[in-house]
Amino acid sequence: MNERRLQIILLVAGTVLVFAFSLAPFFYMALVSFSADHEFLAHGVEFEPTADHYEAVLTGSSLHFLDYLRNSLIVSALSAAGAVMFSALAAFAITRLALPGKLGILFFVLIVSMFPQIGIVGYLFKLMSSLGWINTYMALVLPYIAWTLPLSLWVLVGYFSQIPRELDIAATVDGCNRWQILWRIIIPVAAPGMFSVFLLAFIFAFNEFMFALMLTTDASARTVPVGIALFQGLHGQTPWGDIMAASVITTLPVIVLALIFQRRIISGLTQGAVKG
Amino acid sequence: MKLTLKNVSKEFFSLRGRVRALRTLDLEIEDGEFYVLLGPSGSGKSTLLNLIAGLEKPTTGQIYFGDQPVADAQRRLFASTGQRNVAFVFQSYALYPHMDVRRNIAFPLKIARWKKPDIERAVQQAAETLSITELLSARPRELSGGQRQRVAIARAIVRRPSLFLLDEPLSNLDAQLRGTMRAELKRLQRQLGITAIYVTHDQVEAMSLGDRVAVLRGGELQQSAPPHELYEKPASPFVAGFIGSPPANVLTATLGQEQGRRVLKVSGGSFALSGEVDRRAQAAADADGRLLVAVRPEHVLLTPSAEDSQVETEVLSVEPLGRETVVRLQAGRDIITTVLAEADFRQGQQLPISFSLGNAHFYAPSPEALGSSQGG
């Protein structure tokens, strides 16, 4: 009996610890965003609830937060759409067409995805400068598509290869060409997979920092993560309250998306992992 | 529509090298005929169906739909599946899971760009033919196996194909439903008057459905004949050992002399030969007097006649089926299957038997045929 009680206590304590460890920063972030003074933890400073920071972030034009948010949404949506489109075509070729060296392609793609991001930032900057694309959406969308393609491809290959070949043959007999097979049969049947790929690519692009920092210069293309990091306060102070308020606002949609679609995201990831 | 295959063969190239899926073969399938391709797995029956459907290109030979060549290996002519207007029914049904029944059936017409009212009329008619009108708005996953197969057949017949191809369409159904669907398929095929080619490994299905049945083995056509002819005059020991339930016993035998009479020695017994049976046995035997004898279970006799010698056997297993009993007997190295009216046999019981050689078939010995004859 005692042993069992000990087990429960340990379990609860462990769970609380893990929760506290991983959620404390978010809790602190939320608190600071509602506090008049960010140093409310220090001795002699009272916690004074206020919504000023949210007001500043959402209405103040000097911070450009809404511009960043708009940029982020557009860039993420375009990148995700591109990733889905290209990976669907590639996955169809790999699972359905007589392509030599399919496995080679898949593993090559996997290896490429492991290159450190910093390794190509310099080249990317030169490329985008010479194209005159610095500080445009395209400068971010193209690298994001390339960067999310390996994961998207692996997930979709997993989905596509689970679709029975008889469906392709049935569609062929019914008069479809390959293009129609992809559009009318494979993609609709693999809709959950397409959706998880879109979501994963979207979240990746939404969170990405380094490319966005190097390839944008102002509010016309800068995305939220970089924008928040570069928030400038009056007299050179760091405006912690505004930063935290903006962070809360940006985190919420991602959390909501992840909560609603968590099952799909997980099944999409594991399917891609299990079926090569 | 009449279907003609001339000198058709198919080879695949795999990692292990060249695989001959289908040896050179000639076939003529008459207009409106229900033609069954029967064989064990790996016999080439599905390859043959795929060649006819246009899903594979023949390595040699020509295929004609009516007078129209649809594939010619020499002239590099090949009409795609879409151009051949064939319908295909799969073992796995292959319904489109994201479409309801109505859209599933309408799909081939939609791809062929039919007008909407025409599609609706055709779908309604096909659904009525297969009595699935009340399922039209259901999704495939909500249907039972039998209902799915009906939808698949409706999708196949909806655009009036010139050829109806079925690849083991009933294998996934339970035994009872299989019987009903079999009867219905035959009725439907007669009603529509479409030439049908049906692939199966189940000889009962083949015999009950086919106007003619082609037996294939290892990519080779063994015999193409009406069911009763397959049963009564099997062209090879393989056909004899494959057709019938249970199929014929294919036994190795030798010709010899005993007390001045010509005898056939089989399974430890010797049987006197005379007249027509003697001639047939002589014709089949090789130089050493060896041959194969195929005896149907019903021609295994329990009461040896006076002039015959008998075969000593031991009862291996007894399967009472109600009206009759299938009894398996061990005679030396041979296993002999027989069908008897009585059921009171015990395992291990000694049972002397004899063969009605007048009804037996004789074949030249071939090592590969000997290997597979014990499957029964």
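**Exercise 1. Find the residues through which α4(A) and α6(A) meet, then describe the packing.**

Step 1. Start with the residues. A:Leu106, A:Val109, A:Leu110 and A:Val112 lie in α4(A), and they meet A:Pro150, A:Leu153 and A:Val157 in α6(A). Two residues are in contact if their C-beta atoms, placed from the backbone, lie within 7 Å. Helices are DSSP runs of H or I with at least four residues, strands are runs of E with at least two, and both are numbered from the N terminus.

Step 2. Sort them by type. This contact has seven nonpolar residues, no polar and no charged. Ala, Val, Leu, Ile, Met, Phe, Trp, Tyr, Cys and Pro count as nonpolar; Asp, Glu, Lys and Arg count as charged; the others, Gly among them, count as polar.

Step 3. Two packed helices are described by the angle between their axes and the distance between the axes. For α4 (residues 102–112) and α6 (residues 137–162) of chain A, the axes come within 9 Å and cross at roughly 145°. Axes are lines fitted to C-alpha atoms, for helices over the stretch in contact, and angles run from 0 to 180 degrees between N-to-C directions.

A note on the model. It is predicted: local features need pLDDT of at least 70, side-chain atom pairs count only at pLDDT 80 or more, and totals for chains, interfaces and linings use all residues. Residues are numbered from 1 along each chain as its sequence is written, while chains are lettered from A and ligands numbered from 1 in the order in which they are written.

**Exercise 2. Work out the strand order of the five-stranded open sheet in chain B, and find its edges.**

Step 1. Read the order. It is β14-β13-β12-β15-β21, with antiparallel pairing. Strands pair if DSSP finds at least two bridges between them.

Step 2. Find the edges. β14 (269–272) and β21 (361–363) each have a single partner strand, so one side of each has no neighbour in the sheet.

Step 3. Neighbouring strands are turned by 35° against each other on average, direction ignored.

Step 4. Take one pair. β12 (residues 249–258) and β15 (residues 290–295) of chain B are joined over six bridges. B:Asn249 stands opposite B:Val295 in β15(B).

**Exercise 3. Describe the side of chain B that touches chain A.**

Step 1. Count. Chain B gives 17 residues to the contact and chain A gives 14 residues.

Step 2. Name the elements. In chain B, α2 (81–84), β7 (86–89) and α3 (101–111) each supply at least two residues.

Step 3. Sort. The side of chain B holds 13 nonpolar, four polar and no charged residues.
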